[in-house]
Amino acid sequence: MKPAVIGLIGTLILAGCTTVTYDGPGLEPIPGSITYNGQPRSKLTKSPPGSSFPHDFIDQYGQQVEETYVIQADRSLIIAHRRYKPIRFFGD
């Protein structure tokens with residue numbers, strides 16, 4: 001009886017473990033985004049699919065923006081996260 005209960009518990013624990021993939025539609029690009037004028041011409045061949053990287057820029061309104069991109073299986077980029085940073089004056 002105990003091995004069956006332990007096996008059942010182990011199966012439930014392993015069922016909760018999944019790999020993380022980003023299947024969302026992503027955010028719409030804004031001026032300054034890497035994908036604003038479409039996908040970049042050069043493909044990211046050294047980075048594995050599913051990896052992410054940040055990109056900081058100033059948008060058309062002068063706000064500092066930080067975006068996080070995820071590399072898809074076809075080597076295209078998708079914007080997974082966007083954050084607007086507060087404007088700082090005089091090094092505050």
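## Fold and composition

In what order do the elements of the chain run from the N terminus on? They run α-β-β-β, and the chain accordingly has one helix and three strands, where helices (H or I, at least four residues) and strands (E, at least two) are DSSP runs, numbered from the N terminus.

This is a predicted model, in which local features need pLDDT of at least 70 and side-chain atom pairs count only at pLDDT 80 or more, whereas totals for chains, interfaces and linings use all residues. Residues are numbered from 1 along each chain as its sequence is written, and side-chain values use heavy atoms, with hydrogens and water left out.

## Burial and contacts

Of the 92 residues of the chain, 18% count as buried, a term that means under 20% relative accessible area, with exposed meaning over 50% and partly exposed in between (1.4 Å probe, protein chains only). The chain exposes about 7,200 Å², of which carbon and sulfur atoms supply 60%, the areas coming from the Shrake-Rupley method with a 1.4 Å probe.

Among contacts (heavy atoms within 4.5 Å) between residues at least 6 apart in sequence, 46% join residues at least 24 apart.

Gln 39 is found in the loop between helix 1 (2-15) and strand 1 (52-58), and Gln 39 counts as partly exposed because its relative accessibility is 37%.

Leaving aside neighbours within four places in sequence, Gln 39 is in contact with Ser 76 and Leu 77, and the side chain of Gln 39 reaches the backbone nitrogen of Leu 77 at 2.8 Å. Gln 39 and Arg 75 lie 36 residues apart in sequence, with 9.6 Å between their C-alpha atoms.

How values were computed. Polar contact = N/O pair within 3.5 Å; in protein donor to acceptor, adjacent residues only side chain to side chain.
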